[in-house]
Amino acid sequence: MTAWLTQHVRGFTATFARLARAPLGSALNILVIGVALSLPLGLYVAIDNLQTSSQQIAAEPQVSAFMALDASGAEVAQIEARLKRSPRVQRFRFVPRDQALQEIKQASGLADVVDSLPQNPLPDAFIINARDSTPQSLEALRDEIRQWPRVAHVQLDAEWARRLDAALRLGRLLVAILGALLALALVAITFNTIRLQVLTQRDEIEVIKLIGATDAFIRRPFLYFGALQGCAGGVVAWLIASGGVYLLNRNLGELSHVYASLFQINYLATDDGLSVLLIAATLGWLGAWLSVGRHLALIEPGTSK
């Protein structure tokens, strides 16, 4: 057991020594890997934030019914009575036009513009929660309310969120495709890097084979090198994605101040970041394994170069 651990420690130490012998080349390879991985990672962060926002907004779909501007109090009361009797309606909230105007005035930060209006342009409205939140039931409730007298417009508030969710599903598919293509690129970069190292150390490999070194012993430092290079590229990708989120949040902070509303992008979750590092290390290891297995079989003591 001690000998096994010693061999792995020596292999890991040799990996750092190999990186130190060519710091510029190693740094450039790691940077290329990091930039390549940051593209799908950044898209994943963006889609994850949009998905979270969509789920929060569409957690309980609502139907908004807007009365005609000249609807009387009796006509509003008639619609309220219909909503109370409707078996499709779970609960509802009446929003008077004056209250709606005050809410817009407070939330938008455009108090001067609102105060300058000659009259209130907003109608009375009902915010309705349905008993059944399936798309078919919500659409049926919307179509029913549209037929009621003095109802000028009915809007299904969560409809756009469902459309956004469908677009996000397509976005996740595109991220998966892009991630797969760039994963192949990472394997190819590692394959080529290890190939050059194997060819550079051909004489050394022939000598240690002559004294009885096994292929597994020779392969081990190269595998560590590929995994370490991939993991370092994953760290760079994580830093690039986090830096992009930081810069965007700084600019969104100014936008939030203007609109008096909080806009903020969430950083990549820790477990997702660790998964990126694991995937990057695995891909680097795979590229090294393929390269060493391909070229080590061609090197035998006494063969011509």
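Let me start with one side chain: Lys-84 counts as exposed, at 61% relative accessibility. For that scale, buried means under 20% relative accessible area, exposed means over 50%, and partly exposed is what lies in between, with a 1.4 Å probe and protein chains only.

Before going on, a word about what you are looking at. This is a predicted model, in which local features need pLDDT of at least 70 and side-chain atom pairs count only at pLDDT 80 or more, while totals for chains, interfaces and linings use all residues. Residues are numbered from 1 along each chain as its sequence is written, and side-chain values use heavy atoms, with hydrogens and water left out.

Now the overall picture. The chain has 10 helices and four strands, taken as DSSP runs (H or I, at least four residues, for helices; E, at least two, for strands) and numbered from the N terminus. Starting at the N terminus, the order is α-α-β-α-β-α-α-β-α-β-α-α-α-α. Of its 305 residues, 34% count as buried. Taking contacts between residues at least 6 apart in sequence, 84% join residues at least 24 apart; contact here means heavy atoms within 4.5 Å. The chain exposes about 17800 Å², with carbon and sulfur atoms supplying 63% of it. Those areas come from the Shrake-Rupley method with a 1.4 Å probe, and for residues only the protein chains shown count as cover.

Back to Lys-84 and its helix. Lys-84 forms a salt bridge with Glu-80, and their closest N and O atoms are 3.9 Å apart. The cut-off for a salt bridge is a side-chain nitrogen of Lys or Arg within 4 Å of a carboxyl oxygen of Asp or Glu. Both residues sit in helix H3, four residues apart, about one turn of the helix. If you want the geometry behind that, an α-helix has 3.6 residues a turn, so residues three or four places apart point the same way. Glu-80 itself is partly exposed, at 27% relative accessibility.

Which residues of H3 are buried? They are Val-76, Ile-79 and Leu-83. Viewed down the axis of H3, these buried residues fall within an arc of 60°, so they line one face of the helix; the arc is that of the directions from the helix axis to the C-beta atoms. They pack against strands S1 (62-67), S2 (89-95), S3 (125-130) and S4 (151-156), and against helix H6 (135-146). On the face turned away from that buried side you find the exposed residues Ala-74, Lys-84 and Arg-85. As a check on H3, its 13 residues (73-85) should span 18 Å at 1.5 Å a residue, and the end C-alpha atoms are 19 Å apart, which agrees. That expected span is 1.5 Å times one less than the number of residues.

Ile-127 is in strand S3 and counts as buried, at 14% relative accessibility. Beyond its neighbours within four places in sequence, Ile-127 is in contact with residues including Val-63, Phe-92 and Val-95. Its C-alpha atom is 8.9 Å from that of Phe-66, 61 residues apart along the chain.

Next, the charged pairs, six salt bridges in the structure. What does Arg-150 pair with? Its partner is Asp-70, with the closest N and O atoms 2.4 Å apart. Arg-150 lies in the loop between H6 and S4 and Asp-70 in the loop between S1 and H3, so this pair ties together parts that are 80 residues apart in sequence. Arg-150 is partly exposed at 31%, whereas Asp-70 is exposed at 57%.

A further pair is Arg-88 and Glu-144, with the closest N and O atoms 3.0 Å apart. Arg-88 lies in the loop between H3 and S2 and Glu-144 in helix H6, so the two tie together parts 56 residues apart in sequence. There is also a network: salt bridges with shared partners join Asp-70, Glu-75 and Arg-150.

Leu-184 is exposed, with a relative accessible area of 59%. Together with Leu-170, Leu-173, Leu-174, Ile-177 and Leu-181, Leu-184 forms a nonpolar surface patch of about 610 Å² accessible area. Patches use residues with over 30% relative accessible area and no salt bridge, joining like charges within 9 Å and nonpolar side chains (Val, Leu, Ile, Met, Phe, Trp, Tyr) within 5 Å. Thr-193 is also found in H7, but Thr-193 is buried at 11%. Leaving out residues up to four places away in sequence, Thr-193 touches Asn-29, Phe-225 and Gln-229.
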